[in-house]
Amino acid sequence: MSQFVQLDGFRATSAGPRVSGHRGARGVLPENTMESFAFCQTIGVASIEFDVVMTKDRVPVVVHNHTLDGSLARGGDGHWLPDPGPWVSELTLAEVMACDIGAANRGTDYGRRFDDQATLPTAKVPTLAEVLAFTAAPEQSGLHLFIEMKTDPNAADMAQERHDMAAAVIKEVRAAGVAHRVAMHSFDWAILDECRAQAPDLPTSYLSYLPKPMSDTPQTADRTVMPDLTQLKVSLPQAVADAGGQMWCPFFLDVTQDLVTEAHDLGLLVNAWTVNGVREINRMIDIGVDGIVSDFPGRVQHCLLRRSLD
């Protein structure tokens, strides 16, 4: 694994796990906005995690769902979009940029869930190029990036979709000069194979989630392309290692001490998502994960600080 210089930015230190801002810092500021990413840099988190989908004119943009939803987006007329809203893959970049994502709609479950989230006067969906240009600035030189690629489940040719999306993202990463700080990150394990073929110098990070009743559910409009992990004949860490990955990024309820130990024995880093409660943050610290991805990165920082003062 030593050939991947990027991994040091995602690896735990003697002070504990690395802190990663989920969609920027979704609990504090509107998700996947430049303001939210700047906040993470200001408070000194190790990395940011954000989502990339493709517009109709094949521009990579930073949006979580495949749809641009009224839970967090308003049209040019100032009214909330439908929820679920239009598919990003059916909108041009100009149409996406005409929307405002500076506030959560408090009339939706999403808005009520993040009712402490600040409101921005205005915010636009950033392109991947914009986010990478921001992180390329000298003052962001220590900030690492989980770039989560979300392949379109409606693609007519999924192999071509994976090839084209990987190529577009890798092109932007190289143009921005930040390849030494990037991990290619996805629930779609097959696109990570494509990334490895196109950019063998970039580490691959395998997201996983085992279906279960949970309170931290994804937005219902989201249709994530992912393998059926319930059919695995080996453990999740072993499956990631067998696939050629460098990082395993499990949902926090799927993480156990034994699995973290196994992953480390296999040479994998472990970054758990999305860990928001203090009790679960402390559990992740105790079992030795390398990184904690949170909507509230400051909360993780506080948990680590308290331990250092005890």
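Ala, Val, Leu, Ile, Met, Phe, Trp, Tyr, Cys and Pro count as nonpolar, Asp, Glu, Lys and Arg as charged, and the others, Gly among them, as polar.

The model is predicted: local features need pLDDT of at least 70, side-chain atom pairs count only at pLDDT 80 or more, and totals for chains, interfaces and linings use all residues. Residues are numbered from 1 along each chain as its sequence is written, and side-chain values use heavy atoms, with hydrogens and water left out.

**Exercise 1. The second largest cavity**

Find which residues line the second largest cavity, and sort them by class.

*Solution.* 

Step 1. A cavity is a set of points, on a 1 Å grid over the protein atoms alone, where a 1.4 Å probe fits but cannot get out; lining residues have an atom within 4 Å of a point.

Step 2. List the lining. Val53, Met54, His66, Val88, Ser89, Lys150, Asp152, Glu161 and Met165 line the second largest cavity.

Step 3. Look for the elements. Strand S2 (47-54) and helix H5 (158-176) each give two or more residues to this lining. Helices (H or I, at least four residues) and strands (E, at least two) are DSSP runs, numbered from the N terminus.

Step 4. Sort. The lining of the second largest cavity holds four nonpolar, two polar and three charged residues.

Step 5. A volume is the space filled by probe spheres set on the grid points, which are joined across faces, edges and corners.

**Exercise 2. The largest cavity**

State how many cavities of 30 Å³ or more there are, then describe the largest cavity.

*Solution.* 

Step 1. Count. There are three cavities of 30 Å³ or more.

Step 2. Give the volume. The largest cavity has about 140 Å³.

Step 3. Describe the lining. It is made up of 16 residues, and Glu31, Val63, His64, Leu68 and Leu72 lie nearest the centre of the largest cavity.

Step 4. Sort. Eight residues of this lining are nonpolar, six are polar and two are charged.

**Exercise 3. The sides of helix H10**

Work out where the buried residues of H10 sit around its axis, and what they pack against.

*Solution.* 

Step 1. Check the length. Helix H10 (residues 297-309) has 13 residues and reaches 19 Å from its first C-alpha to its last, close to the 18 Å expected at 1.5 Å a residue. The expected span is 1.5 Å times one less than the number of residues.

Step 2. Pick the buried residues. Buried means under 20% relative accessible area, exposed over 50%, partly exposed in between (1.4 Å probe, protein chains only). In H10, Pro297, Val300, Cys303 and Leu304 are buried.

Step 3. The arc is that of the directions from the helix axis to the C-beta atoms.

Step 4. Recall the geometry. An α-helix has 3.6 residues a turn, so residues three or four places apart point the same way.

Step 5. Turn to the other face. The face of H10 turned away from the buried side carries the exposed residues Arg306 and Leu309.

Step 6. Find the partners. The buried residues of H10 pack against strand S1 (18-22), helix H1 (34-43), helix H9 (278-287) and strand S9 (291-294). Contact means heavy atoms within 4.5 Å.

**Exercise 4. Helix H4**

Repeat the analysis for helix H4 (residues 128-136).

*Solution.* 

Step 1. The buried residues of H4 are Leu128, Val131, Leu132, Phe134 and Thr135.

Step 2. Their arc around the axis is only 155°, which puts them on the same side of H4.

Step 3. The buried residues of H4 pack against H1, S2, strand S3 (60-61), strand S4 (144-149) and H5.

Notes. 1 Å grid on protein atoms, 1.4 Å probe; cavity = no way out; pocket = protein on both sides within 12 Å on 5 of 7 lines; lining within 4 Å.
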